[in-house]
There are 2 protein chains.
Amino acid sequence: MLKVVIIGSGNVAHHLITVFEQSNSVQLVQAYARNAASLSNLLPASKITTNFNTILPADVYIISVTDDAIAEVAALLPFTNQLVVHTSGSVGLQQLNAKNRRGVFYPLQTFSKNKAVDFKQIPLCLESELEADYAILETLAKAVSDNVYAINSKQRQSLHVAAVFVNNFVNDLYRIGYDICNENNVPFDILRPLIHETANKVQVLQPKEAQTGPAKRNDVRTMEKHLAFLTDEKKKIIYTLLSQSIQNNNE
Amino acid sequence: MLKVVIIGSGNVAHHLITVFEQSNSVQLVQAYARNAASLSNLLPASKITTNFNTILPADVYIISVTDDAIAEVAALLPFTNQLVVHTSGSVGLQQLNAKNRRGVFYPLQTFSKNKAVDFKQIPLCLESELEADYAILETLAKAVSDNVYAINSKQRQSLHVAAVFVNNFVNDLYRIGYDICNENNVPFDILRPLIHETANKVQVLQPKEAQTGPAKRNDVRTMEKHLAFLTDEKKKIIYTLLSQSIQNNNE
């Protein structure tokens, strides 16, 4: 059975600890946190350490801390030639200290601490320097997810950028929709099924096939009406730019 | 039992015909199409007419045609003082001919002809000139949907604009995510669970509460890395504009 140590206590660390604790084919031997209390709701005290020098032997050490702290934490580890991975979408494998065998174990999902996720559905993007280590990471990943991919650092960076568009920026458009509703005394609830269905459509279609609306139809009159309706200059600019983006991608 | 006639054969007409045919509390007496063949997979020939002069008596006549054709079709109806509604988000009630009692029956959803929808979940936005007619529309709407709202023309216009942001523009961001994946030999499948979860989050949270990412954290280094990664000028502009939009809405 693969033995794992998690280093970190953020959102991703929380979800990894939870899913490994539930797994029958992975043994979470320990988790490290600067502050033991931050993990006390997930693990017994015996499984938590706050001291790098007391980290137990394991097959994989998963560093799940903020991007800026990864290199520092990797350097502080008191052992060498072990398999050490991070969980970041935007940090290269090379940021890990070369004294250990390096890899990446990147779950591409948006995590909230208080919202349970079906981990089986989460894509895990794996990378390693050594081929033999990839096999270990793959065994670990497949124990908890049905979606496991070999993704190199360049590809992972592209995914991270793409995720900003389909997650962060999409959510800002939801926020604009919310604001427009709010300004007009319309409940945001009316938009929620549409938001849901829009995301559902591209689960089976390519986004281009799913595109509809005035920009797609080149319905200039409706677009002009909408621009006249929007009083906020920033919303007008976003409306114009994204309408052009849709039109530029029409066949 | 309320009697309904549908005038039109597009996506929305198809879905309305299907849901009214399935309802036990609404009687779809007839549908009008310019070309009977366009409805022949949904209705027996006896229920289809291609002639305005043979439209049967009903409690509600629903005009479900393209926005530009609504006024013309409403004028062609050979009767007066009946309840006539359209299904458009962007057309005022006043566009309907004043010889009949006017209203709106606007389902706010994105319809594809080949994809079944759970009509019960679809918000129906109702408006009428006469209070008594509102009661008729409400009875009709509640027979097929659990989400019925009184929405005046100004509010409906705001919803139509908001829907462009949360549906059309969101889908264009999905398309950009798809392109970035494609350019880097990464399967778009990796982003699909994230897209799904992003939409799920705002089913319970307000968009502002759900916002995450480098712009939200004011993580300038990551944003600079992303902009350096994006070679396409149009994607860079959208990245910059939407990052600013998120930052402007930070408390």
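**View 1. The interface between chain A and chain B.** In this predicted model, 88 residues of chain A contact 88 residues of chain B. The two chains bury about 8500 Å² between them, with 66% of that area on carbon and sulfur atoms. On the chain A side, the residues that lose the most area to chain B are F165(A), V166(A) and I190(A), which together account for 8% of what that side buries.

**View 2. Packing of helix α4 of chain A against helix α8 of chain B.** From α4(A), the contact is made by K154(A), Q157(A), S158(A), H160(A), V161(A) and V164(A). The residues contributed by α8(B) are T222(B), K225(B), H226(B) and F229(B). By class, this contact has 5 polar, 3 nonpolar and 2 charged residues.

**View 3. An aromatic pair between the chains, F169(A) and Y239(B).** Over all chains, the structure holds 14 aromatic pairs. In one of them, the ring centres of F169(A) and Y239(B) lie 5.2 Å apart and the ring planes are at 75 degrees, so the pair is edge-to-face. The pair crosses from helix α4 of chain A, where F169(A) lies, to helix α9 of chain B (residues 233-248), where Y239(B) lies. Both F169(A) and Y239(B) are buried. Together with F165(A), these two residues form one aromatic cluster.

**View 4. An aromatic pair within helix α4 of chain B, F165(B) and F169(B).** The ring centres of F165(B) and F169(B) are 5.1 Å apart, and their planes are at 85 degrees; the pair is therefore edge-to-face. Both residues lie in helix α4 of chain B (residues 153-183), 4 residues apart, or about one turn of the helix. F165(B) and F169(B) are both buried.

**View 5. Surroundings of Q203(A).** Q203(A) is part of helix α5 of chain A, which covers residues 192-204. Its relative accessibility is 25%, so Q203(A) counts as partly exposed. Leaving aside residues up to four places away in sequence, Q203(A) touches R192(B), I195(B) and H196(B). Q203(A) and K3(A) are separated by 200 residues in sequence and by 35 Å in space, C-alpha to C-alpha.

Definitions and conventions
Residues numbered from 1 in each chain as written. Chains lettered and ligands numbered in written order. Predicted model: local features only at pLDDT ≥ 70, side-chain atom pairs only at ≥ 80, totals over all residues. Heavy atoms only, no water. Contact = heavy atoms within 4.5 Å. Helix = DSSP H or I, 4+ residues; strand = E, 2+ residues; numbered from the N terminus. Nonpolar A, V, L, I, M, F, W, Y, C, P; charged D, E, K, R; others polar. Phe/Tyr/Trp six-rings, centres within 6.5 Å; stacked < 30°, edge-to-face > 60°. Buried < 20%, exposed > 50% of the residue type's maximum accessible area, 1.4 Å probe, protein only. Buried area = accessible area lost by both parts, 1.4 Å probe.
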